[in-house]
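Biologist: I am new to this structure and would like to learn how to read its features. Could we take them one at a time?

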Amino acid sequence: MIQVDKLRGIIAERAMSQCDVAKAIGISPKTFYEKMKKGVFGSDEIDAMISVLDIDNPAEIFFTR
C-alpha cells in the first residue's frame, strides 16, 4: 500500500495533475484514479512515477507498511 496523500502532494508540487502522471506512465487516467483509490501500483508503474516526478526518497511513499 502506498502513501497516497504524499504522492498527491508530490504531484501537486510538480504542477502536474493525476491525468498528466497517468499519461506519462502509460496508463489511462481512469486506471490511475482506481489505483490511487486502492493504493496499489505495479512495480513498473512505480518506477515510471519515480522518474517522471523526480522523487528523491521513493521508499517513504511506495514502500511503507
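Modeller: Helix 2 passes helix 4 in a right-handed crossing. A crossing is right-handed if the near helix is turned clockwise from the far one by less than a right angle, and left-handed if anticlockwise. Helices here are DSSP runs (H or I, at least four residues), numbered from the N terminus. This is a predicted model, in which local features need pLDDT of at least 70 and side-chain atom pairs count only at pLDDT 80 or more, while totals for chains, interfaces and linings use all residues. Residues are numbered from 1 along each chain as its sequence is written, and side-chain values use heavy atoms, with hydrogens and water left out.

Biologist: At what angle do the axes of helix 2 and helix 4 cross, and which residues make the contact?

Modeller: The axes of helix 2 and helix 4 cross at roughly 115 degrees and come within 9 Å. Axes are lines fitted to C-alpha atoms, for helices over the stretch in contact, and angles run from 0 to 180 degrees between N-to-C directions. Helix 2 makes the contact with Val21, Ala24 and Ile25, and helix 4 with Glu45, Ala48, Met49 and Val52. Contact means heavy atoms within 4.5 Å.

Biologist: How do I read the sides of a helix? Which residues of helix 2 are buried?

Modeller: An α-helix has 3.6 residues a turn, so residues three or four places apart point the same way. In helix 2, Gln18, Val21, Ala22 and Ile25 are the buried residues (buried is under 20% relative accessible area, exposed over 50%, partly exposed in between, with a 1.4 Å probe and protein chains only). These residues lie on the same side of helix 2 because their arc around the axis is only 100 degrees. The arc is that of the directions from the helix axis to the C-beta atoms. Helix 1, helix 3 and helix 4 are among what covers the buried residues of helix 2. After helix 2 comes Gly26, with a positive phi near 85 degrees.

Biologist: Which residues of helix 1 are buried, and which exposed residues does its opposite face carry?

Modeller: Val4, Leu7, Ile10 and Ile11 are the buried residues of helix 1. They share one side of helix 1, since they cover an arc of only 125 degrees around the axis. Asp5, Ala12 and Glu13 are exposed, on the face turned away from the buried side of helix 1. The buried residues of helix 1 pack against helix 2, helix 3, helix 4 and helix 5.

Biologist: Which residues of the largest nonpolar core touch the most other members?

Modeller: In soluble globular proteins, nonpolar side chains tend to be buried together. A nonpolar core is a set of buried Ala, Val, Leu, Ile, Met, Phe, Trp, Tyr and Cys residues joined through side-chain atoms within 4.5 Å. The largest one has 19 residues, of which Leu7, Val21, Phe32, Phe41, Met49, Leu53 and Phe62 touch the most other members. Helix 1 gives the most to this core, with 4 residues.

Biologist: How many aromatic pairs does the structure hold?

Modeller: A pair of aromatic rings is described by the distance of the centres and the angle of the planes. The structure holds 2 aromatic pairs. Rings of Phe, Tyr and Trp (its six-membered ring) pair if their centres lie within 6.5 Å; planes under 30 degrees apart count as stacked, over 60 as edge-to-face and the rest as tilted. Phe32 and Phe41 form a tilted pair, at 5.4 Å centre to centre and 50 degrees between the planes. Phe62 and Phe63 are edge-to-face because their planes stand at 65 degrees, with the ring centres 6.4 Å apart.

Technical notes
Helices (H or I, at least four residues) and strands (E, at least two) are DSSP runs, numbered from the N terminus.
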